[in-house]
Amino acid sequence: MKTAAPSFIKATMAIVQKDLAAELRSRELLSAMLVFSMLVILIFNFALELEIDVRQKVAAGVLWTTFAFAGTLGLNRSMAVEKDRGCMDGLLLAPVDRSAIFFGKAISNLAFMLIVEAIVLPLYAVLYNEFRIFQLGFLGVILLGSIGYIAVGTLLSAMSVQTRTRDVLLPILLFPVAVPVLLASVKASGGMLAGAEFAEILTPLNLLIVYDVIFIAIAFMVFDFVVEE
Amino acid sequence: MQTKPLMLKILDVASIIVLAISTYLALVFAPTEAVMGDVQRVFYFHIGTAWVGLVGFVLAAGTGIAYLVTKDMKWDRLEVAAVEVSTIFFFITIVLGSIWARPAWNTWWTWDPRLTTAAVTELIYIAFFMLRQGIEDPERRARFGAVYAILGGLSAPITFMVIRLFRTIHPIVVGSGEGEKLPLTSDMRVAFFFALFAFTVIFVDLMWHRIRLGSLEEKVEQLKLKVSM
């Protein structure tokens, strides 16, 4: 007889493993996110004419906009795959806690986002000679911001795939609700790039953590209502 | 078909009367503000509409929770009514604020915390209606609407806190803060509190109408189902 906690973690990990294995074989999601990210950065390059003095000020904003856009692409796809091939019904039939499905999807979505970031950040650093992004604080903010963004995004993508206007709807639902996490991330990571005092960065950092905790908890609580038939 | 309740008829008349009195108080009775002049008179309605707008949004998050707990459609009707009426009032608030901002700040719009939060909140609730439009099943529509109203109600205050990290130029009337304070004379206070009262009455009246409309809609839907069977 197993206790509930290990089986919950096992179920979560099984979903993560399934997503990662599927992605490893098809690579459709990651390649789409990566190419899209590079295109967004390319467009920013021309739209903002990223001269040296400008790009030092807007680097955090450009990076976060890129990640947010690429993120919706991945979130949409990852949930649409479940829906289209009827995987979601199978998952729901499985005798596991529904929130294990949420955490499984959220963790694999986060993994995709972090992989994309791990490739885009060095590329950005090389392209724009911006090696200040390789500091622990900056990468930590990227991680915290991605966690919050993915937590809300996973929940909302589970909702948007069940609507008529599915692909169009996710960014419309996600962006206004994710404004705090994007703003706090830009503020904190921008401050780090500019070499600001730690006290100055502390407030957005705290708000970022508050957002992450609240929205992971809420998504965990309401996910049941989103997937029930 | 049920007839309009007497109380609602009385409330309709009362709404018109209090709106007329409030208009008189704001435009004639209240003294002209020394620094800003007549344009300050817009402020009474600006606060009045903002107040009911906020009440409606808090109400929407509350009824969202109530619906998820009880699964009673009456909470859904209340929620839709609250969001719909508040979205309109909040839009009026923003427009009135812009009218005031043009002479006072010399710009129609500025990315101040309150203005930005207002804009983001308005977008959240427009997204709320787009989400509901894409779902045919009334029960699922109610569930998703409730989840999104809760997310929106939580995200808006965090947005406000995050943007507050940047400086504000919005005057602070109620509560404490380091911003510029608006001094109110006693006659202004009468007009101010009466506007709050008037818009509360109007809000209740419109809510009532919208809830009645909601239950009529539901009846029509049921009758249509019966005919088609």
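**Chain B: overall fold**

In chain B, 77% of the contacts between residues at least 6 apart in sequence join residues at least 24 apart; two residues are in contact if their C-beta atoms, placed from the backbone, lie within 7 Å. The model is predicted: local features need pLDDT of at least 70, side-chain atom pairs count only at pLDDT 80 or more, and totals for chains, interfaces and linings use all residues. Residues are numbered from 1 along each chain as its sequence is written, while chains are lettered from A and ligands numbered from 1 in the order in which they are written.

Chain B has six helices and zero strands, in the order α-α-α-α-α-α along the sequence. Helices (H or I, at least four residues) and strands (E, at least two) are DSSP runs, numbered from the N terminus. Chain B has 229 residues, of which 37% count as buried. A residue is buried if 20 or more other C-beta atoms lie within 10 Å of its own, exposed if 12 or fewer, and partly exposed in between, with C-beta atoms placed from the backbone.

**Helix α4 of chain B**

Helix α4 of chain B covers residues 113–133, 21 residues in total. From its first C-alpha to its last it reaches 30 Å, close to the 30 Å expected at 1.5 Å a residue; the expected span is 1.5 Å times one less than the number of residues.

The buried residues of α4(B) include B:P113, B:V120, B:I124, B:Y125, B:F128 and B:L131. B:T116, B:T117 and B:T121 are also among them. The buried residues of α4(B) pack against α2 (42–70), α3 (73–105) and α5 (138–163) of chain B, and also against α7 (166–193) of chain A.

**The contact between chains A and B**

Chain A gives 23 residues to the contact and chain B gives 24. On the side of chain A that touches chain B, α7 and α8 (198–227) of chain A each supply at least two residues. The largest share of that side, ten residues, comes from α7(A).

By class, the side of chain A that touches chain B has 18 nonpolar, three polar and two charged residues. Ala, Val, Leu, Ile, Met, Phe, Trp, Tyr, Cys and Pro count as nonpolar, Asp, Glu, Lys and Arg as charged, and the others, Gly among them, as polar.

**Two loop residues with positive phi**

A:R27 is not a glycine, yet has a positive phi of about 55 degrees. A:R27 sits in the loop between α1 (4–26) and α2 (28–47) of chain A and is exposed, with 11 other C-beta atoms within 10 Å.

B:K71, also not a glycine, has a positive phi of about 60 degrees. B:K71 lies in the loop between α2 and α3 of chain B and counts as partly exposed, with 14 C-beta neighbours inside 10 Å.
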